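I opened the notebook today to record what I looked up in this model, entry by entry.

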Amino acid sequence: MSLWKRISSHADCEARMAAYYDEKGLFDLRLCLAAWIEDRIMSEQITPNSAEQLERVALKFNEDLQQKLLSTRTASDQALKYRVVELCTQIQRTSALELYTHLRGGLQKELQLATEKSVATPGPSMPLSPYNMNNPSGYMDPSELMAVQPAVGAGLGVIHNALGTAKVELFEIEHQILQYFNEFSTCGNSLKMLVQNYSYMLNSTGSPNPEEAFKCLMTEKAAIVTTLCRSYICYEPLQELIISELNNWRRQQALAGNGAPFQESTLDQIQRCFELLESFIGHLLAAVKETLRVHLVNDEPELNNLLERVRGAQKNLVCAAFIVDKQPPQVMKTNTRFAASVRWLIGSQLGIHNNPPTIECIIMSENQANRFVTRGTQMDSTLAGQSSGEIQNCSSTMEYQQNNHIFSASFRNMQLKKIKRAEKKGTESVMDEKFALFFYATTTVNDYQIRVWTLSLPVVVIVHGNQEPQSWATITWDNAFADIVREPFAITDRVTWAQLSVALNTKFGSSTQRALTRDNLDFLFEKLQRDERSDYITWNQFCKEPLPDRNFTFWEWFFAIMKLTKDHLMGMWKASCIMGFINKAKAQDDLMRSATGIGTFLLRFSDSELGGVTIAYVNEYGSVTMLSPWTARDFQILNLADRIRDLHMLRWLHPSDTNGVPQERDRAFGEFYSARDEPKAGYVRSTLHVQVRNAIGDNGSIIGTPQHPIPSPPQDSSMSMGNSGDFAMTDFDSMTNFVDVYKQII
């Protein structure tokens with residue numbers, strides 16, 4: 001249910017908001033484009049945090065608004081056309097910034113009112129908006145967002161959906177369906193009486209006043225037709241609403257592919273609404289047919305039109321209820337087993353479970369799926385021959401579970417053996433090519449055939465593990481930014497940084513169990529940004545164009561770090577021991593400013609090497625030393641914590657949180673040190689230690705590891721030292737090759 005619908009359902013709230021919007025003459029605009037305004041403003045997710053940024057956002061909103069109004073002017077409704085012209089004139093009198101801030105402030109007030117009403121109403125309360133519209137201070141970074149959503153592990157990141165809102169709305173929808181269904185049911189007795197009177201009139205041979213009886217029947221039938229039409233008018237928006245809720249669930253399912261929180265059980269509530277709607281529309285269809293049998297006039301266009309609309313609505317409902325509830329792996333490797341399942345949300349309503357159909361599955365390319373969906377390709381027996389590959393174990397019979405009313409088909413042991421690829425254009429690669437699993441079935445209900453089908457989320461097919469990183473770039477971008485209802489598999493090629501930062505934070509946080517900080521995200525933005533005047537990031541910047549002075553892309557760099565952290569550094573990352581995303585210059589500056597001085601260090605991800613982590617520390621000379629990066633290969637030999645333990649010049653861990661304080665090294669990393677067992681009897685223990693060469697350009701001296709003390713040179717009492725003018729005292733601490741000098745002396 002849209003926000004404005006929630007507000008307009010309470011007269012006092014609607015009056016307050018109408019007065020607010022009328023201050024700027026924007027009430028008609030709020031009504032006319034209610035859903036678009038909510039989606040457009042709320043999708044920005046992060047409030048502009050400077051006057052300049054706010055001005056840019058407002059101008060872009062104004063531009064998009066005018067485009068939306070211009071597209072609406074093509075409508076066939078003349079009244080709507082005139083209204084749109086008036087709205088265009090109105091917004092031209094209002095500055096872009098004033099219009100945007102007033103509408104945005106209105107949404108904030110609406111959210112507060114909706115929250116108050118939900119709290120005041122018995123039952124589950126509506127949580128805060130997922131888009132931070134109730135934050136008066138403006139910008140909210142991911143660490144703040146993390147505090148108001150369910151944690152994943154140590155605290156995964158950014159809200160994609162307020163996980164309880166759907167529950168409240170579905171409860172309300174279910175209540176409305178039952179209410180309208182009960183109101184419709186009251187015409188049952190009237191219809192039964194009409195049929196009886198009509199039968200009596202047909203069979204009666206000597207009615208005293210047939211003309212009067214006919215008029216009474218016409219009046220009774222007209223009243224029933226009015227009730228049926230009114231019932232359908234009530235039913236239609238409820239069906240649209242529940243299909244929209246299902247699409248929202250599917251959208252959350254796509255975001256879950258990137259690691260976002262997902263309340264999968266909401267599907268059970270959605271199914272309950274589908275079942276009620278199917279019962280409602282089924283009874284309505286039967287009533288319309290029964291009314292048509294009372295044939296009093298030759299032409300009944302209103303009733304025949306209603307019959308077609310009801311039939312169409314039932315067909316749309318049944319087809320929309322067929323979905324993929326367990327998605328296949330979105331990066332799919334050939335000759336590797338995988339699973340998926342489909343579910344039909346009508347339960348036992350149509351009796352199909354008594355003779356369950358067999359579901360078939362093929363794999364479709366983007367072009368094939370596009371032709372099928374947009375051109376309405378007929379689904380027939382030749383469909384199996386249109387597959388873009390060969391899938392084993394690609395059919396399954398649906399099963400009905402009586403205890404929970406789930407009607408589904410599971411594919412537990414599928415395997416993609418072959419794939420047919422399209423011809424590549426330009427810089428396209430196999431990792432950019434999207435496919436989808438196409439599930440379909442044909443069954444018979446009440447002597448007419450039902451054909452249903454559904455597509456999985458896009459998948460990328462690979463044959464080798466080294467194709468995985470770029471494949472995940474394609475999938476991550478599609479999951480984050482695609483519309484569920486679209487031409488397969490249309491996707492924007494640029495998004496705002498606010499949108500992309502949410503996707504990156506979700507992906508990294510779900511993989512490593514700790515969200516990125518605002519400083520981390522600012523650093524990533526610097527890496528991605530090519531044009532300082534633009535807040536948009538393109539697909540090419542994201543994963544096609546190499547980073548400046550590098551031979552790898554941003555995504556390759558980001559993905560390698562994510563994998564390294566997940567496989568080797570997760571505990572330390574979750575404990576905030578790794579600062580990670582910080583550039584070399586800032587790391588050096590932060591260390592030089594540190595109050596703990598010599599021995600202070602931090603861990604940062606390498607800019608120059610894929611999947612590398614390096615240590616920067618303040619050496620004994622008060623300058624900063626950067627160690628060569630370590631990668632996964634190094635950590636397979638000795639883990640990061642044990643390497644840090646071996647380097648005794650590392651004393652204080654610089655805090656990754658700017659509000660934190662430095663920690664003594666062993667306190668920060670002690671829990672991650674490996675136990676060093678005593679050797680078995682009869683053996684001498686050998687251990688691996690990290691050694692680091694002196695940072696001041698020596699020729700082989702080692703620091704940071706246990707050293708045998710070097711004996712002082714023997715003193716010759718007969719040696720004359722002379723005076724300071726004849727023999728300059730040597731500063732041994734400043735020598736870069738002290739061992740060699742010592743050997744020469746003795």
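Among contacts in the protein between residues at least 6 apart in sequence, what percentage join residues at least 24 apart? I found that 69% of those contacts do so, and I note at the outset that the model I am reading is a predicted one.

Entry on the overall make-up. I looked up the secondary structure and found 24 helices and 20 strands in the protein. Of its 746 residues, 46% are buried, and the protein exposes about 37,900 Å², of which carbon and sulfur atoms supply 49%.

Entry on a helix pair. I then turned to helix α11 (residues 210–256) and helix α12 (residues 266–293), which pack at an angle of about 155° with their axes 10 Å apart. Angles over 145 degrees count as roughly antiparallel, so α11 is roughly antiparallel to α12. The crossing in which α11 passes α12 is left-handed, and the residues of their contact comprise 20 nonpolar, four polar and two charged.

Entry on the backbone. I looked up the peptide bond from Pro 488 to Phe 489 and found it to be cis, with omega near -15°; Phe 489 belongs to the loop between α15 (468–481) and β12 (494–496).

I also checked Asn 335, a residue other than glycine whose phi is positive, near 60°. Asn 335 sits in the loop between β2 (331–333) and β3 (337–344) and is partly exposed, with a relative accessible area of 45%.

For Ser 576, phi is likewise a positive value near 60°, and this serine is found in the loop between α19 (554–574) and α20 (584–593). Ser 576 is partly exposed, its relative accessible area being 32%.

Definitions and conventions: Residues numbered from 1 in each chain as written. Predicted model: local features only at pLDDT ≥ 70, side-chain atom pairs only at ≥ 80, totals over all residues. Heavy atoms only, no water. Axes fitted to C-alpha atoms, helices over the stretch in contact; angles between N-to-C directions. Helix = DSSP H or I, 4+ residues; strand = E, 2+ residues; numbered from the N terminus. Parallel < 35°, antiparallel > 145°, perpendicular 65-115°, else oblique. Left-handed = near helix turned anticlockwise from the far one by under 90°. Nonpolar A, V, L, I, M, F, W, Y, C, P; charged D, E, K, R; others polar. Buried < 20%, exposed > 50% of the residue type's maximum accessible area, 1.4 Å probe, protein only. Contact = heavy atoms within 4.5 Å. Areas by Shrake-Rupley, 256 points an atom, 1.4 Å probe, with all protein chains shown as cover.
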